[in-house]
Amino acid sequence: MVRKLAGKYHSGDIPHLEVNNNKITKIQEVSNEFAHTFSDNSCSHNYNSRFQSFRSEAETQHLRFKSNNNESYNNQFSVKELSDAISKAHDTAVGPDDIHYQMLKHLPKEALQTLLGALNDIWYSGNFPDSWLTSTVVAVPKRGKDKLDPSNYRPIALTSCICKIMERMINNRSVWYLERNNVITPVQSDFCKQRSTTDHLVQLGSFIQEAFVQRQHAVAIFFDLEKAYERTC
């Protein structure tokens, strides 16, 4: 009960691992094997030479963007933005700093102003706290997979709740700017307010029904990307 109140995450005991027919039982060795597996999933050697050459060339191109830093989305954050971000936060496991959302939701006004001042200092100075770069990584087994294989686990990084509050405030501003200036494509539903994957399902259903009515073929292509999150490129 105390762990739940503190937002602590408990995944139960992790069994031993087996790699190349070798049994790994020591906690430190199990942790190292998970770290090696997760790192390998995001390594550049997963891409072929043609794509790596294309990515290297694309990363050298400069973005066509100019700013005098006087845009509205560069202004300091307000108490309302901070309060809204905290109120919409769901209770999740805490990061290494052990500060959970319930603590932030019950801050008095004076403490809220102090927190807002600190976040605005970070916003203007660009000095990102080193502690926010640290996370507690939890290995969660994939359902129905062999738990002895470290590749059948997915990592969940538990980061600072205060950092995620600031991320939410920045994201709200970014989405507002992108939607107001029609930068987001109208066919995107994910991460858009009042929209979801249901919109795409309804559109696909209508597309298929229209093909039936007109006695035509309806062709659809679905992509299932393996380890898509780790291999974002």
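How many helices and how many strands does the secondary structure of the protein chain come to? In this model, which is a predicted one, the answer is 8 helices and 4 strands, and if we read from the N terminus, the elements follow one another as α-β-β-α-α-α-α-α-β-β-α-α. The radius of gyration is 23 Å, well over the 17 Å that the globule rule gives for 233 residues, so the chain is more spread out than a compact globule. Along the principal axes, the C-alpha trace spans about 65 × 55 × 45 Å, and buried residues make up 22% of the 233 residues.

Let me turn now to the aromatic rings, where a search of the whole structure finds 7 pairs. One of them is formed by Phe-34 and Phe-38, which are stacked, with 5.8 Å centre to centre and 20° between the planes. These two residues sit 4 apart in helix H2, residues 27-41, so they are separated by about one helical turn. Phe-34 is buried at 6% relative accessibility, and Phe-38 is likewise buried, at 13%. Ring pairs also bring in Tyr-153, which forms a cluster with Phe-34 and Phe-38.

A further pair is that of Phe-77 and Trp-123, whose ring centres are 5.0 Å apart and whose planes stand at 55°, so this pair counts as tilted. It links distant parts of the chain, since Phe-77 lies in the loop between helix H3 and helix H4, whereas Trp-123 belongs to helix H6, 46 residues apart. Phe-77 is buried, with a relative accessibility of 2%, while Trp-123, at 25%, is partly exposed.

Key
Residues numbered from 1 in each chain as written. Predicted model: local features only at pLDDT ≥ 70, side-chain atom pairs only at ≥ 80, totals over all residues. Heavy atoms only, no water. Rg over C-alpha atoms; globule rule 2.2 N^0.38 Å. Buried < 20%, exposed > 50% of the residue type's maximum accessible area, 1.4 Å probe, protein only. Phe/Tyr/Trp six-rings, centres within 6.5 Å; stacked < 30°, edge-to-face > 60°.
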